[in-house]
Amino acid sequence: MIHRLESLVVRHTLRLPAPTGPAGQGDVVARQFDAALMSVGFKLSAELLARLSELEAKTVTAIARRTLGTVRERVGDHVRHNVYFVDFPANVPDTYDFWTRCLTDALADEASRAHTLTQLRTGLVDLLTLPAYGTYRHSYAEMLAAHDELIGAAGDRMTVLHLGGPLDDEVTALYLALAGSVTPLGEEGLRDLGTLAGRCATGPQPEAIPVRENRAVVNRARLKAGADLDVDTVTDVLRLACALSDGDVTLAEPTRFRSASRPVRRALLAALDSVVATDPAKLADVHPHRERWKRLGERLHAHEYAERWPYAAGVFAVARGEREAPTFDGRVEKLLGAGDVVGAARLLGAAPGRLFRALDRLLRTAATAEELEAVVAAVESAAPEVSGRVLLSVREHIGNREKPDGQRVFVNRYGGAWAESDTRPALSASTRERLLAVLDTETRRRLPDPGRLLVDPAVLDVALPLSGRATAAGLGVLPRGSLSAVEGDLLRFFVHWRQKRRRTDYDLSALLLNSRYETVTWLSYTSLAEVEGEHSGDIIDAPYGASEFINLRLGAVRGDFIVPQVHIYSGEGFEEAEESFFGFMLRDAEQSGRPFEPRTVRMKSELRGPGRVALPLAFVRAADGSWRAKWLHLYLKGSPAYNRVEDNQVSVAALLRGIVERAQLTVRHVVDLMSDRAADVTLWDGEAAPPAGPVTYIGLERPEGLHPDSVVITPENLRDLIPA
């Protein structure tokens, strides 16, 4: 368990908890550890290297093994990345020549000849039935022998691991950060929070747990530890019940409730009773999840405790339709249905979060100057009561309501996405400006005094993480909508997957579009080589893991957009497979090396989405000819099987246009708001020495040499920029 906690800290903070052990002469092993880390694109900070050097060699060796395992998995180097064409990207054949060769080999093979001839007579041959197609024809060692050593380059990624505090302090700090996050966590974050909560449930707690899913995970640990629960709505109790059954605490998917022990049943019913006794109007929250409540009531044996906890009994009576509980939303709909926009705005003013979520509808419904004034006045009055995340989300929304006829992108909580034409009328300039001023003023009021502000220019175009689910788990991953520079001659994508129970075929593809979002060409198993680059070959079965690559020469790319995609051709979905991840590497033309070189990996993200087509990111050519990555983290529904790049060009182009043309709220926006109260604002690229005193630093990586009292914000804790 200690080692697992240490790994959690490294993954989330890039800090190694302060190593402990007998003193000794560990300097040689520490330098070897540093060299091993550098081979996969990491290195020890000077402070951490010095601390390790003071320990005995045996202790340093154990720490090195654990940490290397963690970072290698983070970058995708924990698996063997083989390729179908042994010397890829050299000597990749023309697609049809390759297929003809596979067919010729099948006819020469006695075991497959008869079946192949039968297919030829029908005029249609299934490539998957040809023995030479889709499976590795050489060993991993033979593939390595076919490639020269990677030549080091100044642009190779080097991520620094810093020295942390004692393990208990680091674990507590990470628990408080995740539990108290003002934005929802992704799948990995929720899972890690559960691990940390199991250890920290009875220790220091955050002042508040604003995200309900986080609260459910923490409450599960508190219940098991005998600590007080943190619930103030009936839905909090429902989420806790889902957590106890290892179900979906977001309530997006149904949960099969397990039989609960008597103490657990009593705790849940007592919590429900307390919530409703305090505010009976909260019974209205039962309606959206009535079926879940009915099933939960059966598991809790609620009827046995109706006299002891009568308010809890009322929850299940509402779920069964035996008791009325007028909903707040129903009252709002009644007013809007009667055309009473002013009345609806006033009523929503009592529920600021709902008011802000309904704002666009109210603005579009307002038909007179009086109605419009009532809506804007309600926003001005409610703004101080709305969460910072909602403030910024609405700010981004209003900022994009300037022009009609755009492409509107819808993204659900799991990254499932679709696009439609935006037929809503634009908001007037005066209304937009007034609302933006209200939102910016309130956000500025809540931001902390940064003192001296030090900002890496590369972080300014990173999107604010208004939801943790807009960012996949992995290395070098940025929130949806972020832009980051791409520097190098060669761009190489990779996907790796390992099936769990049945044959699974994922296909890596890249779609190239022009400035009008029209298809120029693509690279895939049906188009192995183009002037832009090469595909490493199709692998159709992955019992022990399989990888595919696409190599692109950026200088040869025709068009303005590159959209890598991962298609599920057959078999297990992204969430079913034992393992699945995507990433990209950047290299200089002369570097050579193996198909997969961890030092050149710029990004590696888990593929864990609901659709059958994954769109991790896109690459956009700027006006000066340079390239930048645009982070998507999207999934298309696709078809149950046989998905191909040729079949989704239109839907991909529509989604890309909607994302590219949308103005994202970025770190730049928060920096601009903080600048008013900062003692000094300096754009700092790390070339000069850092300031001597404490600073608030915002950047892509934590630099060495900052004052120990500095506040450091990097992608690992970027959510800290969102005010409470």
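**Strand pairing**

In which sense do strands β16 and β17 pair, and over how many bridges? Strand β16 (residues 579–587) and strand β17 (residues 601–606) are antiparallel and share five bridges; strands pair if DSSP finds at least two bridges between them. Phe584 stands opposite Met603 in β17.

This is a predicted model, in which local features need pLDDT of at least 70 and side-chain atom pairs pLDDT 80 or more, while totals for chains, interfaces and linings use all residues. Residues are numbered from 1 along each chain as its sequence is written, and side-chain values use heavy atoms, without hydrogens and water.

Helices (H or I, at least four residues) and strands (E, at least two) are DSSP runs, numbered from the N terminus.

**Asn400**

Asn400 lies in the loop between α20 (388–399) and β4 (407–411). Asn400 counts as buried because its relative accessibility is 19%; buried means under 20% relative accessible area, exposed over 50% and partly exposed in between (1.4 Å probe, protein chains only).

Not counting residues up to four places away in sequence, Asn400 touches Arg662 and Ala663, contact meaning heavy atoms within 4.5 Å.
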